[in-house]
Each structure stands twice: as C-alpha cells, then as structure tokens.
Amino acid sequence: MHSPPSSSSRKKLKPTKERDDDGDAEEEEEEEEDEEESILVALIEHRYKEVDHLRHRVAYYTSQLQLAEKRLNGSKGKLALLRSKHSAASSEAGLPTTNGSANVKTERRSTSPVCTSEDPFLHSLPPKPKLYISAPIPRDSQPPHHPYFSGSGSKPSAGYSAPPTSSILHQSPSARTVKEEKPRGRPSLRDSEAIQDRGTKRKFEHKEHRELIPLIRSASSPFTIRCQTSSQVPSQHKRKLRSLALSPAQELLFATSALDGVVNLWQIQANGHSASLLSTSDCASLRERRWPEDVAWHPQGNRLFCAYTADGGDSQISILNLNRTKERARVSFVEAKPHQKGVINSIRFMPWVDNCFVTGGCDHAVILWNEDGDDDDNKWKPKALHRNLHSSAVMGVAGMQQKQVVLSAGADKKIIGFDVQTGRLQFRHQIESKCMSVLPNPCDFNLFMVQTGAPGTQLRLFDVRLRQTELHAFGWKQESSETQSALINQAWSPDGFLITSGSADPIIHVFDIRYNGCRPSQSIKAHQKRVFTAVWHHYLPLLISISSDLNIGIHKVTS
C-alpha cells in the first residue's frame with residue numbers, strides 16, 4: 001500500500017505547477033496578440049483597396065467632368081457663331097434681326113421622325129420658338145404625386161393636361177400618314193445636341209426618393225380609379241404583339257413590336273383618344289429572321305434597342321436609329337454576341353449616369369453593355385456580370401436607382417442583386433416559385449416587385465435592404481388558363497402606389513400596394529383576348545395596353 005507523499009515532496013511539486021500555468025498564460029497572450037495583428041493587417045489591406053478604388057472613381061468622374069465641360073463650351077461656341085451669322089445675314093439683307101432669326105429657325109429639322117420641313121406650322125412659329133419636338137413638361141406644372149393615381153382627387157393643371165404648343169401634336173395631316181413618316185433630311189447638329197440634352201434632363205428629372213414601404217398593407221380598403229377605354233387601335237402587325245415601350249424623352253411617342261419582326265412607332269393624338277402610326281421598320285434579325293424578344297428605348301429617346309436570340313450565331317442586339325433618314329440605314333446590328341445560347345428574354349437601360357443597358361437570357365448570363373463614347377451604333381461593348389449565379393434562364397433584369405446594383409430574376413426561383421462597382425454578389429433571395437420579371441418602384445428606390453408563376457400570389461414586393469423578407473404577396477385567379485405566361489408583364493403607376501398587370505384573360509388587373517388584401521383592387525375589361533401588358537403614361541392620364549387580339553388599347557384614367 002502506497003503511503004501519501006510527504007509534505008516536503010508536495011512543496012517541491014507546487015512551484016513546477018505554478019511555472020506551467022504562467023507559461024500557458026504567456027502563450028495565450030501571444031496567440032491573442034498574433035490574432036489581433038492579423039486582423040489589423042487584413043483591415044489595413046481592405047482599407048488600401050477601398051482608397052485605391054475611390055481614387056479610381058474620382059479620376060474617372062474628373063475626366064468625365066472635363067469632357068462634359070469641353071462639350072458644353074463647344075456647344076456655346078457653335079451657338080455664338082450661329083447667332084453671329086444670323087445677325088450678319090439680317091443686316092446685309094436689310095431685315096430686322098428678329099425676323100431673320102425666325103426664318104433661320106424654321107429651316108431647322110427636328111430629330112423627331114414625325115416632323116417634316118414642309119409642315120406649314122413651322123412657318124407660323126414666333127421668334128425664337130422651342131424645338132419642334134414634344135418638350136418635357138416643366139416640373140412646376142406637374143403635380144408632385146400625379147393626382148390621377150395618388151388618390152388625392154385633385155385635378156391636373158392646364159400645363160399638365162395639355163402638351164406645349166410647340167409639341168409634335170401640331171402637324172399637318174400629311175405628316176400623320178405612314179407615307180410621310182420619315183424626315184426629309186438629316187437633322188442639324190444643334191437639333192441633335194438639343195434632344196440629347198433634353199433626354200438627359202428627362203432621365204434625371206424624377207430621382208427624388210420617397211418612402212413608400214411604410215405604407216404597404218396600411219389600408220383596409222383599396223384606392224380605385226375610373227378607367228374608360230377611349231379606343232381600340234389596330235396595331236398594323238400581322239402576327240401577335242410582343243412588346244410595348246413608351247419613349248422616355250418624347251411623351252407622345254411609343255413603340256410596339258410583334259412576332260412579324262416589325263417595330264411600329266406611334267404618336268398619341270391631341271385629345272388622348274387615339275394614336276396614329278408614324279413609321280414601320282423591319283427589325284427582323286439578319287440570319288434567322290427572328291423577331292425582337294424585347295425592346296428598350298435609349299434614355300435620349302432617339303434610338304430603340306431590340307434583343308433577339310443567341311442560337312444559330314444570329315445577331316443578338318439591333319438598334320433602330322430614328323435620326324437616320326433612309327429606312328434600311330435606320331436599323332443596324334451590333335457585332336458583339338456575348339450570350340452563348342437561347343433566347344435573350346430581357347433588355348433594360350440602367351438608371352445611372354453612364355449610358356448602359358443589361359440583358360438576361362436563357363444561357364443563365366447577365367450581360368452589361370457599355371457605350372464606347374462614339375456615336376457609332378456598333379460601339380457597344382459587352383461585359384459578363386455573371387454566368388453561374390443562376391442555374392436556369394434569366395427572365396428579367398433591372399437596375400436600382402440609389403446605387404449600381406443589377407437585379408435579375410430567374411426560372412431557378414432566385415432573385416440576384418449584383419453590385420457592378422465591386423463586381424460581387426450583394427444579395428440572393430430564394431423563393432418557392434419561378435420568377436418571370438423584376439420591376440423597381442419609380443419613387444421608393446429600395447422597393448422592387450417580382451412576378452412569379454404562383455397562381456393567386458403572382459406579384460411579390462421586396463425591400464432591397466432586407467434579406468429573404470417578403471413585404472407583400474398578391475395576385476389574381478385566371479379563368480382561361482391555370483399556367484402563368486412569361487409574356488404577361490406589369491407596370492408601376494408614376495406615383496409608385498399602383499401596379500397594373502395583364503393576364504391570360506381579356507382583363508387589366510390593378511393593385512394598390514397600400515391595400516392589405518391579396519386580390520386586385522379592381523379589374524378592367526379592356527380587350528377581346530388576353531392582355532400582355534398595360535403601361536401607365538408618364539405624364540398624361542392614360543393607360544396603354546396591348547393584347548393578342550392585335551389591338552392597342554387607349555384608356556383614359558381619372559381619380
């Protein structure tokens with residue numbers, strides 16, 4: 001039997017144990033210091049990258065500012081030179097300067113494809129008239145929240161309901177026919193610069209953020225509108241309609257495309273009761289003669305971009321240039337073909353400073369196209385933002401207003417937010433149903449809508465700041481079909497509270513995001529067959545719709 005250790009041996013063991021404890025503590029302190037040091041090194045490396053990135057951005061915007069200043073000074077110099085020539089010509093002819101100025105101005109041609117130099121209205125313009133194209137309505141004359149849609153019940157002002165007197169509404173009857181659709185000569189340089197400046201102004205005119213998310217589902221009863229169908233205009237297409245796009249710069253113009261490969265340009269009439277056909281352009285692809293799958297206006301309103309398919313090595317993007325006079329020269333095809341296969345389902349211009357657009361297709365890819373700084377339509381350079389974040393077809397793309405984030409919705413039930421500046425994934429939402437399209441709110445820059453294939457809850461609202469959080473889900477029941485078609489599209493009202501949607505039925509559904517119910521606030525019988533889309537006009541109290549009955553619906557809206 002072992003005897004317990006003596007007291008002397010215990011005394012010898014105790015100092016050894018104390019030394020071991022001190023060694024462990026020192027090692028822990030060294031490990032903590034090493035870990036803290038590695039964290040600081042990583043943080044400093046991140047800060048270096050951040051500073052370097054910001055320096056590049058500052059250099060880029062500085063160069064852009066210098067270019068803009070040069071263009072501004074060049075335009076001022078041309079204007080001064082032009083006015084000096086006018087003054088000299090007037091003094092030599094012995095005519096008053098104002099009359100001479102008026103004569104010179106009437107000889108200029110607009111970049112709008114609906115105006116001709118033979119128009120008698122041009123010769124009756126007062127001195128120094130506005131451009132002979134539909135001018136943007138001044139913001140002072142626009143109601144802040146669009147009274148036709150906000151539920152305020154207030155009536156629009158005279159400046160709001162009637163376009164300016166120098167708009168393209170005032171033209172001779174011959175200019176409204178299809179035969180006289182094309183301008184009689186190349187537009188002047190000054191007209192081109194004017195429409196470019198005005199298009200840029202329109203693009204940035206409505207970038208005031210308003211908080212609408214707190215109002216979602218806040219009302220027990222929906223706000224309803226009075227919608228009266230003014231006319232059903234034959235689309236002049238031989239096959240079913242595919243797209244409807246309103247011009248962002250000229251508020252009286254809109255375009256339609258169809259399966260016949262034709263793009264038609266339309267003008268809303270003065271009373272808003274109808275629309276007249278201005279031009280017809282064959283935009284079928286060169287090799288396969290494919291129709292445009294989707295169309296989008298350039299922010300300046302002088303070009304229309306069409307997306308096709310990547311199969312068979314065919315052209316993927318075409319540009320319909322409305323400034324060109326010859327019909328064949330108006331349509332050009334971009335040489336770049338970044339999509340690898342399948343249909344290009346969506347094309348959208350981004351709401352940012354630089355002119356660029358994004359396409360999404362069945363090859364799972366999202367492509368960013370940047371303008372190369374040249375007026376040549378073939379100078380668009382594609383860059384793949386991502387090709388593997390979606391595992392199925394990308395059905396819809398869009399850009400957020402507050403930062404350079406591209407949204408994409410796919411048939412793989414994913415909603416992707418991709419940061420263009422950092423080149424990284426910002427967020428990913430996974431839902432239970434395939435996604436058909438994505439549409440940011442025009443007023444609340446954090447709010448966006450996604451169309452899904454789930455009957456009864458086709459439309460979902462999300463906040464870009466929240467992860468995997470659905471703000472609201474609502475939809476409709478279809479009588480003629482149980483499946484949800486990707487050809488059905490939605491549109492926000494200008495005030496951001498209402499959503500219109502087409503359906504497989506001949507009905508336009510209207511939803512109020514303030515309503516806490518899940519059904520349409522109202523459904524409007526608008527066509528004889530299914531409705532593809534119904535778009536709110538930006539300034540006029542109108543809804544414009546297209547249907548498989550080959551008609552364009554013009555609907556007047558009142559509160």
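Visitor: Leaving aside its neighbours within four places in sequence, which residues is D363 in contact with?

Guide: Please keep in mind that this is a predicted model, in which local features need pLDDT of at least 70 and side-chain atom pairs count only at pLDDT 80 or more, while totals for chains, interfaces and linings use all residues. Residues are numbered from 1 along each chain as its sequence is written, and side-chain values use heavy atoms, with hydrogens and water left out. Contact means heavy atoms within 4.5 Å, and D363, apart from neighbours within four places in sequence, is in contact with H339, Q340, K341 and R387.

Visitor: Where does D363 lie, and is D363 buried or exposed?

Guide: Strands are DSSP runs of E with at least two residues, numbered from the N terminus, and D363 lies in the loop between β11 (356–361) and β12 (366–371). Buried means under 20% relative accessible area, exposed over 50%, and partly exposed in between, with a 1.4 Å probe and protein chains only; D363, with a relative accessible area of 9%, is therefore buried.

Visitor: What about Q458, is that residue buried or exposed?

Guide: Q458 lies in the loop between β19 (447–452) and β20 (459–463), and because its relative accessibility is 1%, Q458 counts as buried. The side chain of Q458 reaches the backbone oxygen of W476 at 2.9 Å and the backbone nitrogen of G456 at 3.2 Å.

Visitor: Which residue stands opposite L498 in β24?

Guide: Two strands pair if DSSP finds at least two bridges between them; β23 (residues 498–501) and β24 (residues 507–512) pair in the antiparallel sense over four bridges, and D512 is the residue opposite L498.

Notes:
A polar contact is a pair of N or O atoms within 3.5 Å; within protein, one must be able to donate a hydrogen and the other to accept it, and residues adjacent in sequence count only if both atoms are side-chain atoms.
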